[in-house]
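Student: Could you walk me through this one, starting with how its parts hold on to each other?

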2 protein chains.
Amino acid sequence: MSEHTPPPPPRGFPEAEYHGRLMRAQALMARAGLAALLLSTEAEVRYFTGYLTRFWESPTRAWYLVLPVDGDPVAVIPEIGAHLMRQSWLSDIRTFAAPAPGAPGLDLLAETLEELTPKGSRIGVPSGPETQLRMPLADWATLRGRVARAFRDDANIVAVLRRVKSAPEIAKIAQACAIAGRAFDRVPEMARAGVPLEEVFRRFQMLCLEAGADCVPYIAGAAGAAGYGDVISPATGLPLARGDVLMLDTGAVFDGYFCDFDRNFSVGPPEAAVASAHARLIEATQVGFAAARPGATHADLYRAMAGVLGQRPAGRLGHGLGMQLTEGPSVVPWEDAPLVPGMVLTLEPCLDLGSGRIMVHEEDIALTETGAVWLSQASPAEIRVLEPA
Amino acid sequence: MSEHTPPPPPRGFPEAEYHGRLMRAQALMARAGLAALLLSTEAEVRYFTGYLTRFWESPTRAWYLVLPVDGDPVAVIPEIGAHLMRQSWLSDIRTFAAPAPGAPGLDLLAETLEELTPKGSRIGVPSGPETQLRMPLADWATLRGRVARAFRDDANIVAVLRRVKSAPEIAKIAQACAIAGRAFDRVPEMARAGVPLEEVFRRFQMLCLEAGADCVPYIAGAAGAAGYGDVISPATGLPLARGDVLMLDTGAVFDGYFCDFDRNFSVGPPEAAVASAHARLIEATQVGFAAARPGATHADLYRAMAGVLGQRPAGRLGHGLGMQLTEGPSVVPWEDAPLVPGMVLTLEPCLDLGSGRIMVHEEDIALTETGAVWLSQASPAEIRVLEPA
């Protein structure tokens, strides 16, 4: 580790972090007239408990967290998760056999909900944009039939809370960004004309891990002559060729927090159109960064960046970032809630180069009281050139 | 690559694979009286289209696939996915702006469903065990209010089809197993007393990538004196110590197909109890393998393995495997449908060693006409010992 590499932030959070999240949620629940929240997804459960495992990759079992409007959260989880959940700050952890005949998980969840909420009260379930309910639809129907409470949406409470990150959260995202930044710096070691794109993807993930990533849940990219067709494709076996633009986009994770940014490289010297497109993308990012300050809106960022691009972008120009690779809100012209300190977002301008080719640049920033700070290290205007070894 | 390493199987599938899946689905839909299936998850969409991207990591957008009982599937997807979906075998690809004001995706989906199904017909949505609906609950309510069709469960059609793998699918899983096997063989190069578990996790993922994994969506493991507390935890910063049992469990992926198996290692010579527990786990796996033949049931496998373990296991003793890290059915005493050729499953015996410590072994097998074949390379009875460098 060089003298310029700070030590990684501590893992986990002090318990006060979870108390704060819970209190803020409960204040909003009280205002929305909700007796409890029922949460079911990885990010929702982890946000309030710190429960971190990649076991959510298995769809077999449902996991539940009940947040009453007063008192501590109650975990209602499969037995296989008990050992790990007991290491969290929660004291009320109820477990059920799963898989199992019948529906012991639903039985336990129904009992818990009825115990924690008064008859006739309302239970909020995240239902708005970017949410999912992580349980089978048939079980959801059963639950609603069994619990004499009104299930409604969560008044967007969880999404609103998660939009604003604490300093320790931002430190984790910054660490993920620093890790991916070190990996991007080493791309020229392994990417050059003749190397298949799938080998570049593999080596890039290895570089992220070597630089300190816990895991690399997301990688996408593309390579094509003077641009590429999209930014979400998996690798092909095609070798890089001189004149290609190589784009790598990664979501590397440190302690459960993502970075999400990309880098473009030119295989050999860039065509003039590529060089100028890259410079324009960087300029748009810089203009977006300058516009990012409390009180401005996502729409302001969008307009500032779109102005530099000089064309109407096809999609959003950035998004929130944190426990998930992408989070709300989006950098779009109709998002006019003000930016507030603690928001973390990506700036992601896209240029249409014609003939089905695009170029996309992306950086990660955090909002402070006075403006924005870079979490990823802002790229220079010149596209980086990959030369033969 | 040594002479013993066969070349990887080709990526993707011939179009006939998708036609076969569609025809089998449509035959079951006709029998179940379903005019269409509405699919929304990564595995469901990929099963019928081949659409492979890690972009599902972003929760922003919903993606839909409509399978009519007659005719080809129709993709109803965000614009950002059009370029990649056009490389699939599908010809009818409808795109919507997302994120966007209003709900253009729901509008387009509703129109598509009404166009493809007659009034008064029924549309199936996967709703049973291990399924999820990947769209916001509020959107689901809107859709049901807008489309004058009866939405019901999919009669388990997608799960039933996915249980039996084709030869090209099994080849991909076998490749993922071979890749992870090579990585496990190299664990002694980097894991020894003094190395923090989180470094072992990182290095192991790098070994998987170097061996040819496209990505490593799942890793779990543990290390503890003469056993460990669970099998789903993330790494800690604690260094391995002599006498520890190190368990690593991975879901490495090749071309969208998972392996899922683990290996146990003893840091220094094992205690007698550890050595004998390992030998018993291997024996249970071998007995499960021998019992795995068409006509036997998952319950038979469970009973055969549990008999060797000599204790009542806390959970299941294996599960299906393929496009997801875990798939149904589970190896449990109440699963009495017969095994059929083409099923791929894990054998995962667990021993409770007392004092909150367990040991778990796991291998991957495929069912053939005459019995089972190993996809992972069956482990010897002796636990592998990690010695100082």
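**Between the two domains**

Tutor: Two salt bridges are counted between domain 1 of chain A and domain 2 of chain A, a salt bridge being a side-chain nitrogen of Lys or Arg within 4 Å of a carboxyl oxygen of Asp or Glu. This is a predicted model, in which local features need pLDDT of at least 70 and side-chain atom pairs count only at pLDDT 80 or more, while totals for chains, interfaces and linings use all residues. Residues are numbered from 1 along each chain as its sequence is written, chains are lettered from A in the order in which they are written, and side-chain values use heavy atoms, with hydrogens and water left out.

Student: Which residue forms a salt bridge with Arg21(A)?

Tutor: Glu169(A) does, and the closest N and O atoms of the pair are 3.4 Å apart.

Student: How much area do they bury between them?

Tutor: Domain 1 and domain 2 of chain A bury about 1000 Å², 39% of it on carbon and sulfur atoms; buried area is the accessible area (1.4 Å probe) that two parts lose on being put together, summed over both.

Student: Which three residues of domain 1 supply more of its buried area than any other three?

Tutor: Those are Arg46(A), Glu130(A) and Arg162(A), which supply 50% of the area that domain 1 of chain A buries against domain 2 of chain A.
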